[in-house]
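Subject: Structure handover

Hello,

Here is the structure you asked for. My notes follow below it.

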Amino acid sequence: MRTQVAIIGGGPSGLLLSQLLHRKGIDNVVLERKTRDYVLGRIRAGILETGFVDLMRQAGVGARMDAESFTHDGTVIACGNAMFDINFKQRTGSHVVVYGQTEVTRDLYDAREAMGGTIVFNAENVAIHDATGAPHVTYESEGQSHRLDCDYVVGCDGFHGVSRQSIPRSVRREYEKAYPFGWLGVLSQTPPVHEELIYSCSDRGFALCSMRNANLSRYYVQCSLDDSPDDWSDAAFWEELKRRLPDEIAAKLVTGPSIEKSIAPLRSFVTEPMRWGNLFLCGDAAHIVPPTGAKGLNTAASDIHYLYNGLARFYLEGDAQGLEEYSAKALARVWKAERFSWWMTNLLHRFPDQTEFDLKMQQADLAFLRENEAAQTVFAQNYVGLPY
Ligand code: APR
Ligand code: PHB
């Protein structure tokens, strides 16, 4: 087979790029290691920056999102029993959209199918060849070996994918920070405890109250990396969550059986460059953020924005400048999202090795954020998404 752009990975990054390119008449093939159902079974965050929302509409995939999502004009920061609201609308004129990543991915799969897009599921042993020359990708599917010749390869295959590893270690610069705790997440068919998200910093650790819709809530508590979901009964989870929330919120919490319970480690990671010859990296293949600032999917979106426009400019106008600028432009925004996610994680979590002085710094940071309009504007600008 031959295509113009070979996309490795059928998660949100790969699907969004595939859909955008197809609508511009740029031929592409998506190679996904798993099945569609497996990909849709992953529970991920659900906060979309308006830049992502615009890209989904540009891809012709915005209808259900526009019909079913919620607009949030702010978020609540709680510390002990004190709570304050950061009003995105007032500080930036913008907002975020609440719409589960699973729904984003489902809409993208449906759109690819409707357009007759080529997605190879259960693509095994994907390998990239001659990335700096005339690239091609090999893979196995249904017991057959295949070769896909292409102009460009785009690695949208996430942190554990093959693309980043296909760039020689001597070329790659990697930056990483692992956090000494995880997030235990629970999904429950219960009404959200508050109309906005609540990020809570308590003596017992971080907690987050989020949602998917009016009867589907998503909650998290910071937990030890030694924990496993089986260590936490539903009752134990709800009890701990209540102890980390202001009394007035804990009193309103509607609990119920967990329909999903999982623990995710927290990591900051960036690889540079995000291009090597005719291989480009997008999304989690190139960078990871702790989920605190909800920047994972939204930073993948800005990568896709830059690369899609660079590829369209190349194929439709013969101008390769967008592709030449891709890595530097994408990384400039990635690093700002990394900083905000790192800062917000340090602001709201309890670290095992925290000294009394560290705690005082955290309390001063929170007090300044509560009291200072400029600090809230900086928070809001980062949370709603810096411009592309
Ligand atoms: N070959 C083919 N497909 C692969 C390979 C491989 N070697 N390795 C991984 N994949 C697939 C995975 O099965 C997955 O469906 O690539 C996809 C990568 O998707 P994500 O990990 O979701 O990454 P991305 O699309 O960049 O999305 C970034 O979504 O998953 C969240 O936390 C993530 O919020 C972030 C956003
Ligand atoms: C979620 O709803 O899963 C969610 C929301 C905000 C975050 C992280 C996760 O910062």
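In E15, Phe206 is the bridge partner of Cys201. Before I go on, the ground rules. This is a predicted model, where local features need pLDDT of at least 70 and side-chain atom pairs count only at pLDDT 80 or more, while totals for chains, interfaces and linings use all residues. Residues are numbered from 1 along each chain as its sequence is written, chains are lettered from A and ligands numbered from 1 in the order in which they are written, and side-chain values use heavy atoms, with hydrogens and water left out.

**Strand E14 and its partners**

E14 (residues 198-202) pairs with strand E15 (residues 205-213) in the antiparallel sense, over 5 bridges. Two strands count as paired if DSSP finds at least two bridges between them. A hairpin through 2 residues joins E14 to E15. Strand E5 (residues 74-79) also pairs with E14, here in the parallel sense, over 4 bridges. Cys79 has Cys201 of E14 as its bridge partner.

Is E14 buried or exposed? Of its 5 residues, 5 are buried, so the strand is largely enclosed by the rest of the structure. Buried means under 20% relative accessible area, exposed means over 50%, and partly exposed lies in between (1.4 Å probe, protein chains only). In a regular strand, side chains alternate between the two faces of the sheet. In E14, Ile198, Ser200 and Ser202 point one way, and Tyr199 and Cys201 point the other way.

**Helix H1**

H1 covers residues 12-23. Its 12 residues should span 16 Å at 1.5 Å a residue, and its end C-alpha atoms are 17 Å apart, which agrees. The expected span is 1.5 Å times one less than the number of residues. Because 10 of the 12 residues are buried, H1 is largely enclosed by the rest of the structure. Among the buried ones are Pro12, Gly14, Gln19 and Leu21.

Ser13 is buried, with a relative accessible area of 10%. Neighbours within four places in sequence aside, Ser13 is in contact with Cys156, Gly283, Ala300 and Ile304. Contact means heavy atoms within 4.5 Å. Just after H1, Gly25 takes a positive phi of about 80°.

**H1 against H6**

Two packed helices are described by the angle between their axes and the distance between the axes. The axes of H1 and helix H6 (residues 101-114) come within 9 Å and cross at roughly 35°. Axes are lines fitted to C-alpha atoms, for helices over the stretch in contact, and angles run from 0 to 180 degrees between N-to-C directions. The crossing of H1 and H6 is left-handed, that is, the near helix is turned anticlockwise from the far one by less than a right angle. H1 contributes Pro12, Leu15, Leu16, Ser18, Gln19 and His22 to the contact, and H6 contributes Gln101, Thr105, Leu108, Tyr109, Ala111 and Arg112.

**Two open sheets**

One open sheet has 3 strands in the order E3-E7-E4, with antiparallel pairing. Its edge strands, each pairing on one side only, are E3 (47-49) and E4 (70-72). E4 and E7 (residues 96-98) run antiparallel and are joined by 3 bridges. His72 stands opposite Val96 in E7.

Another open sheet has 6 strands in the order E8-E2-E1-E12-E19-E18, with mixed pairing. Its edge strands are E8 (118-120) and E18 (275-276). E18 and E19 (residues 279-281) run antiparallel, with 2 bridges between them. Trp276 has Leu279 of E19 as its bridge partner.

**Backbone points to check by eye**

Most residues other than glycine have a negative phi, and most peptide bonds are trans. Here are the exceptions I noted.

- The peptide bond from Glu272 to Pro273 is cis, with omega near -10°. Pro273 lies in the loop between strand E17 (258-272) and E18.
- Asn122 has a positive phi, near 55°. Asn122 is in the loop between E8 and strand E9 (124-129), and is partly exposed at 39% relative accessible area.
- Asp130 has a positive phi, near 50°. Asp130 is in the loop between E9 and strand E10 (136-141), and is partly exposed at 49%.

Best wishes
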